[in-house]
Every structure is written in structure tokens, then in C-alpha cells.
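Please open the model in your viewer and keep the sequence panel beside it. The stops below say what to select next and what is to be found there.

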Amino acid sequence: MQAIAPILTANPAELQLEERAVEIPSTGPGNEREYECQRCRDTGWRQVDLPGRAGMKQCECVAEKARAHYLELMPERFKNSTFESFKPRDPKQTRALSLMRKEVGGSWYLTGAYGNGKTHLLYAQYREIVISGSARCHVRTTRELVEELRRAEFDEDFVSPVLAAASKPSPYH
């Protein structure tokens with residue numbers, strides 16, 4: 001409160017430039033604030049009419065921002081990985097692509113040599129799940145998953161995001 005008090009009580013002419021209060025913009029006609037989301041005015045909540053009363057509902061922009069955030073977490077190399085951009089080179093890859101397209105939310109165990117498209121398919125599936133919002137999803141390489149589970153086993157202060165999400169009753173992938 002000490003930093004605010006001089007601004008509130010001092011003579012404006014005596015204040016140093018960095019101490020002067022900022023002018024509060026007018027909210028009158030012609031000075032309306034531009035919102036990222038016009039539906040909720042950036043609050044994350046919208047008013048809805050219910051039978052005999054009004055209520056609040058989370059705005060769609062919240063999910064849209066979450067989807068954008070999760071897609072941004074993808075490694076740069078795989079940001080454009082989609083099922084459409086995957087080019088199978090043999091019948092096994094064609095079958096894997098076909099099965100994963102049919103059941104995007106399915107759990108898949110992909111094996112093969114380095115450079116055969118396993119990670120491309122993984123991120124294509126992740127992208128589809130994130131965009132659809134059909135399930136919560138974490139992406140881990142086998143090494144990262146084993147390290148996370150090992151740490152959860154031996155470090156009582158560590159909470160594994162994968163184990164925490166998998167223990168909830170809602171769909172998780």
C-alpha cells in the first residue's frame with residue numbers, strides 16, 4: 001500500500017513521471033473495448049436463459065483456447081502431422097493408418113524401426129483427440145512414461161499427471 005498512497009494523496013504536479021497515475025480510458029460511445037470473445041466479453045462465462053430463470057454457462061472460447069494451447073505443446077517437427085499427411089510405404093503402415101482413422105480414441109501399440117511414422121501417427125491421433133475434445137490426453141514417449149511412473153513410485157511428493165488423469169472416471173487417452 002505504500003507505493004499507492006503517494007499517488008492517491010500527492011499533488012499531481014509534484015509527482016515524478018513514473019509515479020503519475022495512468023489515465024483511465026473512457027468507456028463512452030466510440031471507446032468500446034475490443035474483446036477477443038464477443039460472446040462472453042473475455043470472462044469465460046455466458047448468460048443463458050433457463051426455464052423461469054437465468055444461469056451461467058462456460059463460454060465455448062474456454063475450450064477453444066485450451067485446444068489451441070494443447071496443440072501448441074506439440075513438438076515443432078510434428079505440428080503438421082495429420083492422418084491425411086501420413087504417407088504409408090507398406091501394407092503394415094496402411095493398416096495402422098486405417099485402424100487409427102476408424103477408431104481415433106483407441107489405444108494403439110505401434111512398433112517398428114526408427115523413421116517409419118510411429119510418432120507421426122501418434123501426433124495425428126493426438127491432434128484429432130484435442131480438436132474433437134472427446135477425451136483428455138497426454139503424449140509421452142515410452143522413455144518419458146517409464147521415467148514418470150518410476151518417479152511416481154519412489155518420490156512421494158510427485159504426482160504423475162498420467163496416473164492422476166487415468167484414475168478419474170471420465171474418458172482418458
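**Confidence first**

Colour the predicted model by pLDDT, the predictor's confidence in each residue from 0 to 100: the mean is lowest in helix α1 (residues 4–9), at 42, and highest in helix α3 (residues 91–102), at 95. Helices (H or I, at least four residues) and strands (E, at least two) are DSSP runs, numbered from the N terminus. Over the protein the average pLDDT is 82, and 79% of the residues score at least 70. Select residues 1–10 next, where pLDDT stays under 50 and the model has 4 contacts beyond four places in sequence, a contact meaning heavy atoms within 4.5 Å.

This is a predicted model, in which local features need pLDDT of at least 70 and side-chain atom pairs count only at pLDDT 80 or more, whereas totals for chains, interfaces and linings use all residues. Residues are numbered from 1 along each chain as its sequence is written, and side-chain values use heavy atoms, with hydrogens and water left out.

**Aromatic cluster**

Select F78, Y123 and Y126, which ring pairs link into a cluster; rings of Phe, Tyr and Trp (its six-membered ring) pair if their centres lie within 6.5 Å, and planes under 30 degrees apart count as stacked, over 60 as edge-to-face and the rest as tilted. The rings of F78 and Y123 are stacked, because their centres are 5.4 Å apart and their planes stand at 15°. F78 lies in the loop between α2 (60–72) and α3, and Y123 in helix α4 (residues 118–132), so this pair ties together parts that are 45 residues apart in sequence. Both F78 and Y123 are buried (under 20% relative accessible area, with exposed over 50% and partly exposed in between; 1.4 Å probe, protein chains only). Y123 also forms an edge-to-face pair with Y126, at 6.2 Å centre to centre and 85° between the planes.

**Salt bridges**

The structure holds 9 salt bridges, each a side-chain nitrogen of Lys or Arg within 4 Å of a carboxyl oxygen of Asp or Glu. Select E60 and R46, whose side chains meet in one of them at 2.8 Å, N to O. E60 lies in helix α2 and R46 in strand β1 (residues 45–50), so the pair ties together parts that are 14 residues apart in sequence.

Finish at E148 and R140, whose side chains meet in a salt bridge of 2.7 Å, N to O; E148 is buried, with a relative accessible area of 9%, whereas R140 is partly exposed at 26%.
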